[in-house]
Amino acid sequence: MRVIVTGGAGYIGSHTVRELARAGWDVVVIDNLVYGHRAAIIDPEVTLLEGSLDDQKILDQAFSKPVDVVVHFAAYAYVGESVTEPLKYYQNNLAAPLTLLARMKAENCTRFVFSSTCATYGIPEEMPIVETLAQNPINPYGQSKLMLEKVLQDCETAWGLKSVFLRYFNAAGSSSDGKIGEDHNPETHLIPLVIAAGMGKRKDIKIFGSDYPTPDGTCVRDYIHVEDLASAHSKAITYLSDGGDTIAVNLGTGIPVSVNELIQTFEKVTGLKVPVQYTDRRPGDPPELLADPSRAKEVLGWQAVNSDISNILESAYRWFSQPHGGKYESNSPQKTTDVEK
Ligand SMILES: NC(=O)c1ccc[n+]([C@@H]2O[C@H](COP(=O)([O-])OP(=O)(O)OC[C@H]3O[C@@H](n4cnc5c(N)ncnc54)[C@H](O)[C@@H]3O)[C@@H](O)[C@H]2O)c1
């Protein structure tokens, strides 16, 4: 059974690649290493094709044997940058996957697992968020993801492509054995920034807004452990292999964690002190984002088992407190496209 994983050298992709390789899949990663890390692919039997998912030569190699399913992580995911450079986002997150989808159609490969996001909901009218809620993204990043969902629905109608849209909430944590973890550059996610502040690697952590209508005034989010996300991809593949139709599924816990609560928990589990600076609200940040994860349980038989916030923070801290400081070895400057074994 062969699976193509685009973006498999990135944060969530690399944890999922590991899960799929352990389950015995023949895993082929397509990653141009713009943000990914060669060293994040630790299983020697996994093939890395270094290049873009819309490069026909790369696709020729990836489809050199029949492919059962494509798991699509590759994307740009910086919300702020998407506002200033929308074309870059529509090109990479929407246009580039069209080439991949056209090749899937030509190869009669009809199963697709898509990294969508809670950002497609925009500022939701109801909480917790169910999948049937209106989707009104408020930035080009969220738009690009919603548009690809619509493309995938049209492909189902036209040629029978079956997709699972996995709408992640806040991905967090690192592998339980500390071997792989989060290494974004630049880093914009709260937990790595809190850890850096706690470890004295940055002056402080800025908290945007302390006057929200939430129990302690700071924003409330839904954190999901990256290994729980990885297992959800495995379940989504099984769902499609069993003949499941196209469906959207939230991946979160539904458990509210405020920014203040997260920092206090981090201080408790590590004994470190995090310097905090409260500043104004950031435009576009909803006070609260929480998943209703019931559909994931009903349809995929999935639920989060590692996503207690203490466990997430411990695993993330384990990664960042290693001698490498949570940084992978840099990718080789020598760029090749024929690294397939
Ligand atoms: N991290 C989160 O909290 C979160 C939340 C919701 C959704 N998502 C989505 O999950 C996916 C993975 O996120 P991540 O945090 O692991 O990001 P990441 O940047 O670590 O991983 C993305 C990977 O895709 C690769 N890539 C980008 N464009 C490519 C292209 N054209 N061809 C080949 N490879 C390409 C990058 O090099 C990188 O390795 C993204 O689609 C993101 O939008 C992430």
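The structure is a predicted model, in which local features need pLDDT of at least 70 and side-chain atom pairs count only at pLDDT 80 or more, while totals for chains, interfaces and linings use all residues. Residues are numbered from 1 along each chain as its sequence is written. The chain averages a pLDDT (the predictor's confidence in each residue, from 0 to 100) of 95, and 97% of the residues score at least 70. Over residues 334-341, however, pLDDT stays under 50, and for this stretch the model has 13 contacts beyond four places in sequence, a contact being a pair of residues whose C-beta atoms, placed from the backbone, lie within 7 Å.

The ligand is surrounded by 28 residues, the closest being G7, G10, Y11, G36 and A75; a residue counts as near if its C-beta atom, placed from the backbone, lies within 6 Å of the molecule. By class, this shell divides into 15 nonpolar, 12 polar and 1 charged, where Ala, Val, Leu, Ile, Met, Phe, Trp, Tyr, Cys and Pro count as nonpolar, Asp, Glu, Lys and Arg as charged, and the others, Gly among them, as polar. Helix 1 (11-22) gives the most to the shell, with 3 residues, helices (H or I, at least four residues) and strands (E, at least two) being DSSP runs numbered from the N terminus.

Helix 1 is also mostly covered, since 10 of its 12 residues are buried, meaning that 20 or more other C-beta atoms, placed from the backbone, lie within 10 Å of the residue's own. The buried residues of helix 1 pack against strand 1 (2-6), strand 2, strand 4 (69-72), strand 5, strand 7 and helix 7. After the helix comes G24, whose phi is positive, near 95°.

Leaving aside neighbours within four places in sequence, V27 is in contact with V3, V5, V17, L20, A21 and V46.

In the loop between strand 3 (47-50) and helix 2 (56-62) lies G51, which counts as buried because it has 21 C-beta neighbours inside 10 Å. The C-alpha atoms of G51 and I30 are separated by 6.5 Å, although the two are 21 residues apart along the chain.

Terms used
Contact = placed C-beta atoms within 7 Å.
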